[in-house]
Amino acid sequence: MPINGVINGSEYLLIINYSYVMFGVSTSVQMNVSTKDISCRETDNWKKQLLSNRDWSMDFDGKFGFDYPGGGGASAHTGTTQYAFENLFTDLYTNQDRVTLGLIPYNSAGYNNNTPFWYGEAYISSINIDTPNEDNSTIALSFNGAGPLIQDD
């Protein structure tokens, strides 16, 4: 049975290269379809269009930490396992490798196999670390899809 009701934004788990990275504070996924203008004089000056290219991107905000005490990954609701924050910077600056990106709703009861999740290949396009005075540090990540965004359940 899927997760019932509205899913809290903090229950989305970011997975990069098949490793848990962190739980979100805020996540936004954009999917777009562009159009091509195929107007001609036979359309009586009415614009006529056909669907063209599709693309997607994702913005993900989470709590920032280089390492979480006690580890534990997703089951402990703490965040990170093998894919460390250093990998984010390496993938952004030096390698520019595509990463396998996944977004899974994951609550205190764990992940339910009947709940849809999304995954695809993407490039890390930006990293923003915000460190307010006397408050939690956060990290904002932006990804640009490099192929289809796939929904699986």
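Modeller: What follows covers the pocket, then the cavity, then confidence.

This is a predicted model, in which local features need pLDDT of at least 70, side-chain atom pairs count only at pLDDT 80 or more, and totals for chains, interfaces and linings use all residues. Residues are numbered from 1 along each chain as its sequence is written, and side-chain values use heavy atoms, with hydrogens and water left out.

First, the terms. On a 1 Å grid over the protein atoms alone, a pocket is an open set of points with protein on both sides within 12 Å along at least five of seven lines. A cavity is a set of points where a 1.4 Å probe fits but cannot get out. Lining residues have an atom within 4 Å of a point. Grid points are joined across faces, edges and corners, and a volume is the space filled by probe spheres set on the points.

The largest pocket holds about 200 Å³ of space. Its lining is made up of Met31, Asn32, Arg54, Asp55, Trp56, Trp118, Gly145, Gly147, Pro148, Leu149 and Gln151. Two elements give two or more residues to this lining: β2 (19–37) and β3 (49–63). Strands here are DSSP runs (E, at least two residues), and helices are too (H or I, at least four), numbered from the N terminus. β3 gives the most, with three residues. By type, the pocket lining has five nonpolar, four polar and two charged residues. Nonpolar covers Ala, Val, Leu, Ile, Met, Phe, Trp, Tyr, Cys and Pro; charged covers Asp, Glu, Lys and Arg; the others, Gly among them, are polar.

Next, the cavity. There is one cavity of 30 Å³ or more. The largest cavity has a volume of about 60 Å³. Trp56, Trp118 and Leu149 are among the residues that line the cavity, and these three also belong to the pocket lining. Others in the cavity lining include Val29, Met58, Leu101 and Tyr119. β3, β4 (99–105) and β5 (117–130) each supply at least two residues of the cavity lining. That lining has eight nonpolar residues, two polar and no charged.

Last, confidence. pLDDT is the predictor's confidence in each residue, from 0 to 100. The chain has a mean of 77, and 73% of its residues reach 70 or more. Over residues 68–81 pLDDT stays under 50.

Terms used: Contact = heavy atoms within 4.5 Å.
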